[in-house]
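Okay, thanks for making time, everyone. Let me put the structure up and walk you through a few bits of it.

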Amino acid sequence: MTNKMQNPCSDSPSTQLNLNIRGLAPSATVTINDLSNQLQKEGRKVYKLGLGQSPFPVPDPVVNELRLNAHQKAYLPVRGLATLRESIAAHHRRTFKIDCSADDVLVGPGSKELMFLLQLVYYGDLVVPTPTWVSYVPQAQIIGRHVHLVRTRFEDGWRLTAEQLDFLCRIDPSRPRIVVLNYPSNPTGITYSRQELKDLAEVAHRYRLIILSDEIYGQLHHQAAHESIVPYYPKGTIVSGGLSKWCGAGGWRLGFFVFPRCMRWLQDAMAAVASETYTSTCAPVQYAAIKAFEESPEIDHYSFQVRRILRALGQHLSETLTNAGARVIAPEGGFYLFPDFSEHAEKLRERGITTSTELCRRLLSETGVAVLPGQEFGQPPEQLSLRIAYVNFDGTRALKSIEKLPSKALPDVECLRDWCPDTLQAIDHLIEWITKT
């Protein structure tokens with residue numbers, strides 16, 4: 001009786017987790033956000049540069065559609081609402097010159113869930129260039145897939161090269177593989193040129209690879225010049241996208257895949273598994289999303305202003321970090337920076353810091369700046385790299401303020417300090433702390 005009172009679970013079923021799950025930690029981006037929120041509750045000043053959540057409001061026309069469709073409560077088709085799928089297809093034809101129809105689109109509760117289903121359904125290895133988003137590899141580990149990490153180089157702009165991909169594939173040419181391309185990139189902000197995409201497509205065609213082209217930041221290309229790899233490898237590329245990044249609607253949880261017609265067998269298999277797991281995506285959000293992907297001057301203007309703000313902010317922050325001795329590439333899209341402070345390794349070592357994880361831990365503890373270590377993105381622990389999500393500002397205020405500027409002008413530093421004060425202060429604190437003697 002005494003033992004049971006001391007440990008009420010002593011005679012409960014023993015812990016028997018799936019071996020693929022044992023040791024799996026929560027997503028690093030979610031963890032840093034939870035920790036930042038907890039520190040704020042405790043009264044600490046925290047600069048939240050960890051979670052990549054758009055700071056901008058969902059466009060008014062899309063919000064209004066959600067209000068009008070709040071009554072929608074029926075289970076919708078597993079593949080998604082037909083009118084939404086047509087709206088997504090039309091958007092991709094119009095914006096990215098992708099030849100597709102509504103039948104090629106599969107809607108899900110976030111692109112993250114669809115990526116998981118893809119790896120579950122398709123029997124093949126996962127090829128991931130690093131640095132990489134934090135969830136591709138853990139998903140493969142959960143399912144039990146073999147992962148090939150391909151280390152890209154700063155000198156190549158953190159881009160996967162055709163030569164690297166060919167070297168990997170020719171070792172076992174017929175091996176089934178999914179190659180992940182994410183651009184504009186989380187965590188580096190880089191993208192690919194047309195020629196680089198053509199070269200990668202040529203290798204993919206040679207080895208009959210599946211390319212998962214994660215283009216969820218495509219509409220945040222700072223020059224509005226995102227180019228999909230699909231036209232160069234139309235039979236083997238799946239495009240992944242959603243509402244979360246460009247439309248500011250991460251919590252709405254709506255993503256989609258656009259499949260090649262000749263891969264309908266894979267789309268059908270994923271839809272079958274979806275029918276046995278999540279059934280369908282939230283009905284009111286699907287109806288509202290139709291408006292997001294329709295041709296609209298108001299949403300085009302919203303996107304134009306968002307890109308202007310992010311372009312100016314990314315340029316300023318990358319220049320500031322470079323001047324402080326960091327190796328960093330100016331972002332071409334999205335809202336991330338990936339600086340490497342290895343030049344300061346000796347001074348940091350004297351302070352007991354030898355890994356990116358320890359660097360971030362101490363940085364948060366001593367300055368309140370919350371960023372993620374490069375190790376979480378597949379980089380060697382000793383590389384003192386960080387991922388910075390420069391989104392901790394009031395996006396609504398920034399959008400209202402930029403309307404006062406001429407349409408061809410980028411916000412200057414004074415504007416950025418006014419609109420994004422915590423973001424610039426965070427980088428100043430980070431640099432001061434890292435470079436201090």
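I'll go through a sheet, then the nonpolar cores, then a pocket. Keep in mind that this is a predicted model.

Strand 12 covers residues 386-389, and two bridges link it to strand 9. Across that pairing, tyrosine 336 stands opposite alanine 389.

Next, the cores. The largest nonpolar core has 80 residues, and the ones touching the most other members are Leu84, Leu243, Leu321, Val371 and Leu430. Helix 11, which runs over 297-323, gives the most to this core: nine residues. There's also a second, separate core of 58 residues, with Leu117, Val180, Leu266 and Leu372 among them.

Let me pick out leucine 321. Leaving aside residues up to four places away in sequence, leucine 321 touches Ala326, Val328, Leu337, Pro339, Phe341, Ile388, Ile427, Leu430 and Ile431.

Last stop, the second largest pocket. How much space lies in there? About 500 Å³. The lining has 26 residues, and closest to the pocket's centre are Gly52, Trp133, Ser244, Lys245 and Arg253. Helix 2 (28-41) and helix 5 (111-121) are the elements giving two or more residues to that lining, and helix 5 gives the most, with three. By type, the lining splits into nine nonpolar, twelve polar and five charged residues.

Okay, over to you.

Notes:
Residues numbered from 1 in each chain as written. Predicted model: local features only at pLDDT ≥ 70, side-chain atom pairs only at ≥ 80, totals over all residues. Heavy atoms only, no water. Pairing = 2+ DSSP bridges. Helix = DSSP H or I, 4+ residues; strand = E, 2+ residues; numbered from the N terminus. Core = buried A, V, L, I, M, F, W, Y, C linked by side-chain atoms within 4.5 Å. Buried < 20%, exposed > 50% of the residue type's maximum accessible area, 1.4 Å probe, protein only. Contact = heavy atoms within 4.5 Å. 1 Å grid on protein atoms, 1.4 Å probe; cavity = no way out; pocket = protein on both sides within 12 Å on 5 of 7 lines; lining within 4 Å. Points joined across faces, edges and corners; volume = space filled by probe spheres on them. Nonpolar A, V, L, I, M, F, W, Y, C, P; charged D, E, K, R; others polar.
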